[in-house]
Structure formats: C-alpha cells, structure tokens
Amino acid sequence: MHTPIEEPLEPRYSPDRIRATWDGTGSVEDASKALGFSRAKGYDLIRSGQFPCRVLRIGRKTRVVTASLLRVLESGKPEHNDAHF
C-alpha cells in the first residue's frame, strides 16, 4: 500500500515563513532560492546590479534585505539596487 509523503504545511521560502524566521537580512543563497534561481545566478545578478531585491555589502559579506525580499515576493515587482559589487 502506498503511503503519501506529507508535504510541509508551509513552503520553506514562503513570505510567512520568511517573516517568522529571518532577521533583518538573509543570505544571497536563501533569497535566490526563494526567488526561484540558483546561488550562482543570484551573485551574477548582484554583480550586474539586477538582483530584484535590495542588497547590502557588510565587510566581505553580501546580505539581502528581508523586507525588500518580502515586497518582491508579494508584489512580483523588482526593487533593483543599481549597485555593482
């Protein structure tokens, strides 16, 4: 007898889950996954100034602003940084 695998009640990168579990910024890898592309593509978009969310450069780290990511996920409209790293 086939037993279906239970799906999580909420996807890992849903806006509600992000709101509940992320701080003010998130990793480029997680934000990229939430937006549906790879980490490498995320960094390529950041370098070209085309990442759809606001990003911050903190020392040697690049972080994605959680509030910006949520606005993009909910509206479908990008908030380009126009910053090149």
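A nonpolar core is a set of buried Ala, Val, Leu, Ile, Met, Phe, Trp, Tyr and Cys residues joined through side-chain atoms within 4.5 Å. Keep that in mind for the first view, and remember throughout that this is a predicted model.

**View 1. The largest nonpolar core, a set of 15 residues.** Ile18, Trp22, Ala31, Phe51, Cys53, Val64 and Leu69 are the ones that touch the most other members. Three helices, α2 (28–35), α3 (39–47) and α4 (66–75), each give two or more residues to this core. In soluble globular proteins, nonpolar side chains tend to be buried together.

**View 2. Zooming in on leucine 69 and its contacts.** Skip the neighbours within four places in sequence, and leucine 69 is still in contact with Ile18, Trp22, Ala31, Ala34, Leu35, Cys53 and Val64. Leu69 is also among the core residues that touch the most other members.

**View 3. Strand β3 and its two faces.** Follow residues 61–65 and you'll see the side chains alternate. Thr62 and Val64 point to one face and are buried.

View 4. Look for isoleucine 58, which stands opposite lysine 61. β2 and β3 make a hairpin with two residues between them. In that turn sits glycine 59, whose phi is positive, at about 65 degrees.

**View 5. Helices α2 and α3, packed together.** Their axes are 8 Å apart, and the packing angle is about 100 degrees. Angles of 65 to 115 degrees count as roughly perpendicular, so that is how α2 and α3 are arranged. From α2, the contact uses Val28, Glu29 and Ser32; from α3, it uses Arg39, Gly42, Tyr43 and Ile46. Sort these residues by class and you get three nonpolar, two polar and two charged.

**View 6. Arginine 19 in helix α1 (residues 15–21).** Is this arginine buried, exposed or partly exposed? Arginine 19 has a relative accessible area of 43%, so it counts as partly exposed. Leaving out neighbours within four places in sequence, arginine 19 is in contact with Leu70 and Glu74. Arginine 19 and leucine 70 are 51 residues apart along the chain, yet their C-alpha atoms are separated by 7.9 Å.

Conventions:
Residues numbered from 1 in each chain as written. Predicted model: local features only at pLDDT ≥ 70, side-chain atom pairs only at ≥ 80, totals over all residues. Heavy atoms only, no water. Buried < 20%, exposed > 50% of the residue type's maximum accessible area, 1.4 Å probe, protein only. Helix = DSSP H or I, 4+ residues; strand = E, 2+ residues; numbered from the N terminus. Pairing = 2+ DSSP bridges. Contact = heavy atoms within 4.5 Å. Axes fitted to C-alpha atoms, helices over the stretch in contact; angles between N-to-C directions. Parallel < 35°, antiparallel > 145°, perpendicular 65-115°, else oblique. Nonpolar A, V, L, I, M, F, W, Y, C, P; charged D, E, K, R; others polar.
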